[in-house]
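Subject: Structure for your review

Hello,

Here is the structure I said I would hand over. My notes on it follow below; please read them with the coordinates open.

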Amino acid sequence: MDTLQFIAIFVAIVSFFFIHIWWSNRNNLFINWPFFGMLPAVLYNLSNIHDYVTTILKQYGGTFIFKGPWLTNSNFLITCDPANVHHITSKNFDNYIKGPHFYEIFEIMGDGIFNTDSYKWKRNRDILHSLFRKNSFESLVVKTIHNKLESCLVPLLNDVSELGTVVDLQDIFQRFSFDNICSIVLGSDSNSLPNKLIVFPEVTFEKAFNKIEDVFFYRHILPRFLWKLQKWLKIGGEKNYSECEKIVNQFLDQCISSTFQEQNNFNCTKDDDESNFNMLKALVEESGMEQIDHKFLRDNAISLLAAGRDTISSGLCWFF
């Protein structure tokens, strides 16, 4: 038997095997293929992924296990069952630690509330909760969002309406929420959202933040050894990550240094001084100048930026 015949027989056997698997599971929305796992179904439905996942969850009673390609260690339990969510995030939260691999993927978050477990997580949670309960915080949020709506978002959408053109609402809402959260957390408006339909300004910090979030996604998909190798060789997405990490850290360091300087000059921010209130200053006040350090401020600031940006912009997109 020559090589060509052997290859033809091998291809025929493999094809028959895959056809048999497909035929046996033709009524299932998710087929767990050999080697590829359930990834082919995700890629095929990528353009409609949210509706597709909703259908899957309905079929499986609100909870199912996604099995990724072999050797990638990308198996996930996906659930929308309120009882499961309560069990994981509240009732038995201590049982579901994030662990070192999670910390590696989101390394730029440092020891912020997203990355930590146990004592560190509880300490961050207590401090942030105390800030959220301040009257100054509520007033700041209302004032900041109202100003951005009035000065940028409404005029921009009005301009779009008058011109009768098409825009990317996700991009607009991401810029809207990013400007707001930068003002609330850092006391500095990134000014990424214009008030007229022009070429949207490219804000270096915002652009770097976007690229870092893309890397987070791919680190979940790629095998750990592969993205670690890319990072070591400084190639692919990991090369961009290193460059963007420097931009983000430099910007945050400037904001934190400025905050320390203001606190040294004018003492700690008071609850009733709403005009100068922001989350960085409040963190300094809450923890005490003697105990707090730059890393603590930076880690919590970047966690707050991530939390207050994509969740709000995604919610607005789905609402509309």
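The N-terminal end of helix 8 is capped by Asp-168, which places a side-chain oxygen 3.1 Å from the backbone nitrogen of Gln-170. Please keep in mind that this is a predicted model.

Helix 8 itself covers residues 169-186, 18 residues in total. From first C-alpha to last it reaches 25 Å, close to the 26 Å expected at 1.5 Å a residue. Just after this helix comes Gly-187, with a positive phi of about 70°.

Two packed helices are described by the angle between their axes and the distance between the axes. For helix 7 (residues 135-163) and helix 8, the axes come within 10 Å and cross at roughly 145°. The crossing of helix 7 and helix 8 is right-handed. On the helix 7 side the contact is made by Phe-137, Leu-140, Val-141, Thr-144, Ile-145, Lys-148, Leu-149, Leu-153, Leu-156 and Leu-157. Helix 8 contributes Leu-169, Ile-172, Phe-173, Phe-176, Asp-179, Asn-180, Ser-183 and Ile-184. Sorted by class, the contact between helix 7 and helix 8 has 13 nonpolar, three polar and two charged residues.

Which residues does Asn-180 touch, not counting residues up to four places away in sequence? They are Thr-144, Ile-145 and Lys-148, each of which is listed for helix 7 in the contact with helix 8. Asn-180 sits in helix 8 and has a relative accessible area of 5%, so it counts as buried.

Ser-313, found in helix 14 (residues 310-319), touches Phe-173, Gln-174 and Ser-177, with residues up to four places away in sequence not counted. Is Ser-313 buried or exposed? Its relative accessible area is 2%, so Ser-313 is buried.

Leaving aside neighbours within four places in sequence, Gly-110 is in contact with Tyr-103, Asn-115, Lys-295, Arg-298 and Asp-299.

Ser-118 has a positive phi of about 55° although it is not a glycine. This serine is found in helix 6 (residues 118-132), and at 54% relative accessibility it counts as exposed. Asn-191, again not a glycine, also has a positive phi of about 55°. Asn-191 is found in the loop between helix 8 and helix 9 (204-221).

Finally, the overall figures. The secondary structure comes to 14 helices and two strands. The protein has 320 residues, of which 37% count as buried. Among contacts with a separation of 6 or more, 62% are accounted for by residues 24 or more positions apart.

Regards

How values were computed:
Residues are numbered from 1 along each chain as its sequence is written. This is a predicted model: local features need pLDDT of at least 70, side-chain atom pairs count only at pLDDT 80 or more; totals for chains, interfaces and linings use all residues. Side-chain values use heavy atoms; hydrogens and water are left out. Helices (H or I, at least four residues) and strands (E, at least two) are DSSP runs, numbered from the N terminus. The expected span of a helix is 1.5 Å times one less than its number of residues. A polar contact is a pair of N or O atoms within 3.5 Å; within protein, one must be able to donate a hydrogen and the other to accept it, and residues adjacent in sequence count only if both atoms are side-chain atoms. Axes are lines fitted to C-alpha atoms, for helices over the stretch in contact, and angles run from 0 to 180 degrees between N-to-C directions. A crossing is left-handed if the near helix is turned anticlockwise from the far one by less than a right angle, and right-handed if clockwise. Contact means heavy atoms within 4.5 Å. Ala, Val, Leu, Ile, Met, Phe, Trp, Tyr, Cys and Pro count as nonpolar, Asp, Glu, Lys and Arg as charged, and the others, Gly among them, as polar. Buried means under 20% relative accessible area, exposed over 50%, partly exposed in between (1.4 Å probe, protein chains only).
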